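Visitor: I'm new to this one and would like to learn how to read it. Could you take me through it feature by feature?

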Amino acid sequence: MSEELRVSPIETREAPGKRRFAMVVDTRRCIGCMACQVACKAEYDTPLGVNRTWVPYKVVGKYPNVRKQFLPRLCNHCDDPPCVRNCPVEATFKVEDGGFVLQRYERCIGCRSCMAACPYNARFMLPSHRSYTPITNVVDKCTFCFHRVTQNLVPACVQTCIGRSRVFGDLNDPNSEVSYLVATHATQVLRPEEGTKPHVFYIGADRNQTEFGRDAYRKPEVMELDRSAFKRHFDI
């Protein structure tokens with residue numbers, strides 16, 4: 001592939017006449033109910049074992065004053081997405097108006113180059129045993145619910161969030177709620193050192209707690225810590 005085809009896509013933030021959708025996640029309001037994850041699975045029939053969005057957590061503090069630190073995760077729809085640059089067949093592409101990073105399933109060869117390039121672990125392979133659809137053995141990811149947003153609806157996870165932790169909108173619109181939140185709150189993005197210019201912004205996220213891996217904190221491990229603390233407290 002020529003170097004001309006491998007250049008970074010046009011930045012869509014603050015581009016005149018273009019929309020730039022983004023999501024703000026207020027971790028102070030997230031209660032870890034997993035409604036967003038369930039809604040996403042229902043919307044896309046995502047196979048077991050993989051998720052377009054997921055909510056990892058870590059138990060922080062010292063027993064008995066402990067709490068769970070939640071950090072909702074999804075594709076960051078970067079302005080300079082490395083997955084687009086690394087796809088050898090241009091199956092991954094960026095929509096200039098809106099900034100969506102999407103997938104052409106018919107072009108994907110399942111090489112996993114985009115998965116290796118993504119610093120947010122946001123991509124996964126659709127298994128071959130899905131007999132009810134021809135979309136198998138290709139890479140999938142969050143799309144910011146492109147099909148809903150183009151019909152003036154918010155993503156399924158945003159609509160279902162009972163704590164209103166997730167807010168979605170056009171960052172290029174100065175009157176949108178996401179623009180207001182980014183302008184008036186201290187926000188952060190995940191792994192800014194990667195230079196990808198992600199467009200999922202977090203409010204109240206502790207930098208030391210933001211680098212969760214998808215499988216870094218499995219429930220059995222967390223329960224084992226709780227169980228050990230319980231036994232020590234009651235001298236069992």
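Visitor: Which residue follows helix 1, and what is its phi?

Guide: Keep in mind that we're looking at a predicted model. Helix 1 is followed by aspartate 45, and the phi of that aspartate is positive, near 55°.

Visitor: And which residues of helix 1 are buried?

Guide: Start with the general idea: an α-helix has 3.6 residues a turn, so residues three or four places apart point the same way. In helix 1, which covers residues 35–44, the buried ones are Ala35, Cys36, Gln37, Ala39, Cys40 and Tyr44.

Visitor: What do those buried residues pack against?

Guide: They pack against helix 4, helix 5 (156–160) and strand 8.

Visitor: Strand 8 makes me curious about the sheet. In what order do the strands of the open sheet come?

Guide: The order is 8-1-10-9, four strands with mixed pairing. Strand 8 and strand 9 are the edge strands, each pairing on one side only.

Visitor: How many bridges join strand 1 to strand 10, and do they run parallel or antiparallel?

Guide: Strand 1 (residues 21–26) and strand 10 run parallel, joined by four bridges. If you want a spot to look at, find methionine 23, which stands opposite valine 200 of strand 10. On the other pairing, strand 9 (residues 187–188) meets strand 10 in the antiparallel sense, over two bridges. There, threonine 187 faces isoleucine 203, while glutamine 188 has tyrosine 202 as its bridge partner.

Visitor: Which way do the side chains of strand 10 point?

Guide: In a regular strand the side chains alternate between the two faces of the sheet. Strand 10 (residues 200–203) shows Val200 and Tyr202 pointing one way, with Phe201 and Ile203 pointing the other, and all are buried.

Visitor: Which helix lies across strand 1, strand 8, strand 9 and strand 10?

Guide: That's helix 6 (residues 177–184), and it runs at about 110° to strand 8.

Visitor: Let's turn to the rings. How many aromatic pairs does a search of the whole structure find?

Guide: It finds five. One of them is phenylalanine 21 with phenylalanine 168, a stacked pair with 5.4 Å centre to centre and 5° between the planes. Phenylalanine 21 sits in strand 1 and phenylalanine 168 in strand 8 (residues 166–170), so this pair ties together parts that are 147 residues apart in sequence. Both of these phenylalanines are buried.

Visitor: Is phenylalanine 100 buried or exposed?

Guide: Buried means under 20% relative accessible area. Phenylalanine 100 has 1% relative accessibility, so it counts as buried. Phenylalanine 146, at 29%, counts as partly exposed.

Visitor: Which residues do ring pairs link into a cluster?

Guide: Phe21, Phe100, Phe144, Phe146 and Phe168.

Visitor: Where does the charged end of lysine 68 sit?

Guide: Over the ring of tyrosine 57, 4.6 Å from its centre. In another such case, arginine 104 lies over the face of phenylalanine 93, at 4.0 Å from the ring centre.

Visitor: One last stop: what joins the side chains of glutamine 69 and arginine 67?

Guide: A polar contact of 3.1 Å. Glutamine 69 belongs to strand 3 (residues 65–70), and at 9% relative accessibility glutamine 69 counts as buried.

Key:
Residues numbered from 1 in each chain as written. Predicted model: local features only at pLDDT ≥ 70, side-chain atom pairs only at ≥ 80, totals over all residues. Heavy atoms only, no water. Buried < 20%, exposed > 50% of the residue type's maximum accessible area, 1.4 Å probe, protein only. Pairing = 2+ DSSP bridges. Polar contact = N/O pair within 3.5 Å; in protein donor to acceptor, adjacent residues only side chain to side chain. Phe/Tyr/Trp six-rings, centres within 6.5 Å; stacked < 30°, edge-to-face > 60°. Lys NZ or Arg CZ within 6 Å of the ring centre and 35° of its normal. Contact = heavy atoms within 4.5 Å. Axes fitted to C-alpha atoms, helices over the stretch in contact; angles between N-to-C directions.
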